[in-house]
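Hello,

Here is the structure I said I would pass on. My notes on it follow below.

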Amino acid sequence: LTMAIKLNPNLAPAYQNRANVYYNQGDVEKSLADNTKALQIDPLHAPTWNNRGALYGARGQIDQAMSDYNEA
């Protein structure tokens, strides 16, 4: 995924998929950053809004989580 991002830094699905990998590895910060980057590229991708909302919720940032869920 990182190679795909290097080849095409505007490939939102690569960021979203890498965010899932980071999450599964327990790295919430990197997952959050990659979900945010994916949304900057493709703000209409509802699953990414949901994923980021879940990350915010897990961190106790309820207002941000609700905002992302509403956006989705």
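Apart from its neighbours within four places in sequence, Gln16 touches Asn35, Ala38, Thr48 and Asn51. The model is a predicted one. Gln16 belongs to helix 2, which covers residues 12-24. Is Gln16 buried or exposed? Its relative accessibility is 10%, and because buried means under 20%, Gln16 counts as buried.

Ala38, one of the contacts of Gln16, is also part of the largest nonpolar core. Helix 2 supplies the largest share of the core, with 3 residues. In soluble globular proteins, nonpolar side chains tend to be buried together.

Helix 4 (residues 46-58) packs with helix 5 (residues 62-71) at an angle of about 165°, and their axes are 8 Å apart. Angles over 145 degrees count as roughly antiparallel, so helix 4 and helix 5 are roughly antiparallel to each other. The crossing of helix 4 past helix 5 is left-handed. On the helix 4 side, the contact is formed by Trp49, Asn50, Arg52, Gly53, Ala54, Tyr56 and Gly57. Helix 5 contributes Ile62, Gln64, Ala65, Asp68, Tyr69 and Glu71. Sorted by class, this contact has 6 nonpolar, 4 polar and 3 charged residues.

Regards

How values were computed. Residues are numbered from 1 along each chain as its sequence is written. This is a predicted model: local features need pLDDT of at least 70, side-chain atom pairs count only at pLDDT 80 or more; totals for chains, interfaces and linings use all residues. Side-chain values use heavy atoms; hydrogens and water are left out. Axes are lines fitted to C-alpha atoms, for helices over the stretch in contact, and angles run from 0 to 180 degrees between N-to-C directions. Helices (H or I, at least four residues) and strands (E, at least two) are DSSP runs, numbered from the N terminus. Angles under 35 degrees count as roughly parallel, over 145 as roughly antiparallel, 65 to 115 as roughly perpendicular and the rest as oblique. A crossing is left-handed if the near helix is turned anticlockwise from the far one by less than a right angle, and right-handed if clockwise. Contact means heavy atoms within 4.5 Å. Ala, Val, Leu, Ile, Met, Phe, Trp, Tyr, Cys and Pro count as nonpolar, Asp, Glu, Lys and Arg as charged, and the others, Gly among them, as polar. Buried means under 20% relative accessible area, exposed over 50%, partly exposed in between (1.4 Å probe, protein chains only). A nonpolar core is a set of buried Ala, Val, Leu, Ile, Met, Phe, Trp, Tyr and Cys residues joined through side-chain atoms within 4.5 Å.
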